[in-house]
Amino acid sequence: MKNYSTYYLPFVLVFIFILINDSNAQHLNDIQVIGSHNSYKIPIEKPLFDYLEKIDSKKMKGLQYGHISLIKQLDLGLRNLELDVFYDPKGGYFSNPKGLDIVKLAGQEPLPFDSEEKLKLPGLKMFHIQDIDFRSHHLLFTEGLKALKKWSEEHPDHYPIIILMNTKDQKVDQTRNPLPFDKNALNSIDKEIKSVFSNTKLITPDDVRGNFKTLEKAILKLGWPELNTLKGKFLFVLDEKEERINSYLDGHPSLKGRVLFVNSKEGNPEAAFRIINDPIQNFNYIKELVSKGYMVRTRADAGTKEARNSSYLRFEKAKASGAQVISTDYYIPSTLFKSDFKVIFDDDSYERIKKN
């Protein structure tokens, strides 16, 4: 008589092996990465900074930072970037920033700027503040995306790169008024991203939602995709307030067909990725969100304060909170004022798998 227990044993062992592997699989929300804030930003040149500092020294202290190129940041190991975009569908709206004239009036020659006249081209522009903080490693959003794509193709096994998007139309005294970031402008973000990245390079809300009715149910019930399935990909997040998020959601319930995730409060059908910038004040809140399955971005420093005071409390709280994304201006120390402040994990890396 055939021994069925012996016959089925190999199949049982295979099934158990699969279960064990699945339970130990690392998912996207198991990572913890350090990234940069306003990642494209080149520091304001000294003559312009000195002029503006006389007008508002407190504000200018908060703007006294800048970054190495996006590519050099990725080479270091950063896996989170933040990009700001201005709407300019016809092109030329932000050409000839006023800050250049201010430097000339001070009797100095400004550093070269937009010699190829890229600002005259239609499309989203990438810089910090119109007319005064306008220097960028990539003035065109698509140009920055192409640089990221090229780097990714040269490093196909990289862990996902999470990119936060800020849409800029804030008015600033004595500067030109940006064009309103309306629904057409929001649509242009998706359009420009898709013009550079194929679907296979993107992690989209549709990918994560799967067959669930809402994105939130998907991440709470099933969770985020396994990390090994996401190598070489990019995830974009719209970091905006409710009114602008609702405009982006219009016609796209639970972000169906959209490229970007959004910073929607838990309980909403599109909620999955939260922006909670203060890990000290919101430490327990972030821990709770992370434990439920949401992804969270927080900040290790802001406004140059921690770097000037060599204060690591905010960074320590950010790490302990479990927030998956920790943003900083100081993954390397400042070269603009004296400070040794540097945000990096204990093993001298900028990305790691969180400990259970």
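# Spaces, helix faces and ring pairs

The largest cavity has a volume of about 40 Å³. This is a predicted model, in which local features need pLDDT of at least 70, side-chain atom pairs count only at pLDDT 80 or more, and totals for chains, interfaces and linings use all residues. Residues are numbered from 1 along each chain as its sequence is written, and side-chain values use heavy atoms, with hydrogens and water left out.

A search of the whole structure finds one cavity of 30 Å³ or more. Rolling a probe the size of a water molecule over the atoms shows where empty space is left. Here the work is done on a 1 Å grid over the protein atoms alone. A cavity is a set of points where a 1.4 Å probe fits but cannot get out; a pocket is an open set with protein on both sides within 12 Å along at least five of seven lines; lining residues have an atom within 4 Å of a point. Grid points are joined across faces, edges and corners, and a volume is the space filled by probe spheres set on the points.

Which residues line the largest cavity? They are Phe 94, Pro 97, Leu 119, Phe 127, Gln 130, Asp 131, Phe 134 and Arg 176. By class, five are nonpolar, one is polar and two are charged. (Ala, Val, Leu, Ile, Met, Phe, Trp, Tyr, Cys and Pro count as nonpolar, Asp, Glu, Lys and Arg as charged, and the others, Gly among them, as polar.) Phe 94 and Phe 127 also belong to an aromatic cluster, together with Phe 86 and Tyr 93.

Now the pockets. The largest pocket holds about 670 Å³ of space. Its lining has 28 residues, and His 37, His 128, Asn 166, Lys 168 and Arg 299 lie nearest the centre. Six of the lining residues are nonpolar, eleven polar and eleven charged. Strands S2 (80-86), S3 (161-168) and S7 (295-299) each supply at least two residues of this lining. Strands (E, at least two residues) and helices (H or I, at least four) are DSSP runs, numbered from the N terminus.

The second largest pocket has a volume of about 350 Å³. It is lined by 15 residues, with Leu 52, Ile 55, Ile 132, Asp 173 and Gln 174 nearest its centre. Helices H2 (46-55), H3 (57-62) and H5 (98-105) each give two or more residues to this lining. The lining has seven nonpolar, three polar and five charged residues.

Leu 48, Phe 49 and Leu 52 of H2 are buried. They cover an arc of only 100° around the axis, which puts them on the same side of H2. The arc is that of the directions from the helix axis to the C-beta atoms. On the other side of H2, Lys 46 and Lys 54 are exposed. Buried means under 20% relative accessible area, exposed over 50%, and partly exposed in between (1.4 Å probe, protein chains only). H3 and H5 are among the elements that cover the buried residues of H2.

Leu 215, Glu 216, Ala 218 and Ile 219 are buried in H9. Seen down the axis of H9, these buried residues fall within an arc of 165°, so they line one face of the helix. Their cover includes helix H8 (205-209) and strand S5 (261-262). Gly 223 follows H9 and has a positive phi, near 95°.

Next come the rings. The structure contains 13 aromatic pairs. Rings of Phe, Tyr and Trp (its six-membered ring) pair if their centres lie within 6.5 Å; planes under 30 degrees apart count as stacked, over 60 as edge-to-face and the rest as tilted. The rings of Trp 224 and Phe 261 have their planes at 40° and their centres 5.6 Å apart, so the pair is tilted. Trp 224 lies in the loop between H9 and strand S4 (234-238), and Phe 261 in strand S5, 37 residues apart. Both Trp 224 and Phe 261 are buried.

Tyr 312 and Phe 341 form another tilted pair, 4.6 Å centre to centre with 35° between the planes. Tyr 312 is partly exposed, with a relative accessible area of 31%. Phe 341 is buried, at 0% relative accessibility.

Last, Arg 314 sits in helix H13 (residues 313-321). At 14% relative accessibility, Arg 314 counts as buried. Leaving aside neighbours within four places in sequence, its contacts (heavy atoms within 4.5 Å) include Asp 278, Arg 299, Asp 301 and Glu 306.
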